[in-house]
Amino acid sequence: MKSAYELAMSRLEKSAPSQTLTEAQKAAIAEVDSEINAKTAEKKLFLEDQLAKANPIEKDEILRQLASELQRLEEKREREKAKIRNGTV
């Protein structure tokens, strides 16, 4: 007898089959992750340095800028990964 989880996973597999990636696709996705992680770290270091020097009003603007940049980078990461998964690179 299957558990509720196993039944749900079985139904999910039928409606949206899982996709197997080639080694090249896995490597390309890892490269995208590495690139975005590096850019994220770079932005954080740069803006954290500015935060240390900023007054309270400027700090709010810098934090908003950091959040915006991080969101933009995450969206770029997901777009690039989708391209790789779909084979449109």
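Start by selecting Lys39: its relative accessibility is 31%, so it counts as partly exposed (partly exposed lies between buried, under 20% relative accessible area, and exposed, over 50%, with a 1.4 Å probe and protein chains only). Keep in mind that this is a predicted model, where local features need pLDDT of at least 70 and side-chain atom pairs count only at pLDDT 80 or more, while totals for chains, interfaces and linings use all residues. Residues are numbered from 1 along each chain as its sequence is written, and side-chain values use heavy atoms, leaving out hydrogens and water.

Lys39 forms a salt bridge with Glu35, the closest N and O atoms being 3.3 Å apart (a salt bridge is a side-chain nitrogen of Lys or Arg within 4 Å of a carboxyl oxygen of Asp or Glu). The two sit four residues apart in helix α2, about one helical turn (helices are DSSP runs of H or I, at least four residues, numbered from the N terminus).

Slide along to Glu23, which is exposed at 60%. Glu23 meets Lys26 in a salt bridge, 3.6 Å from N to O, and Lys26 is partly exposed at 43%.

Next, show helix α2 (residues 23-53) with helix α3 (residues 56-86): their axes come within 10 Å and cross at roughly 175°. The pair is therefore roughly antiparallel (angles over 145 degrees, between N-to-C directions of lines fitted to C-alpha atoms over the stretch in contact).

Over in α3, pick Glu80 and Lys83, three residues apart, whose side chains form a salt bridge at 3.7 Å.

Last stop: select Asp33, Glu74, Arg77 and Lys81, linked in a salt-bridge network.

Note on methods
Axes fitted to C-alpha atoms, helices over the stretch in contact; angles between N-to-C directions. Parallel < 35°, antiparallel > 145°, perpendicular 65-115°, else oblique.
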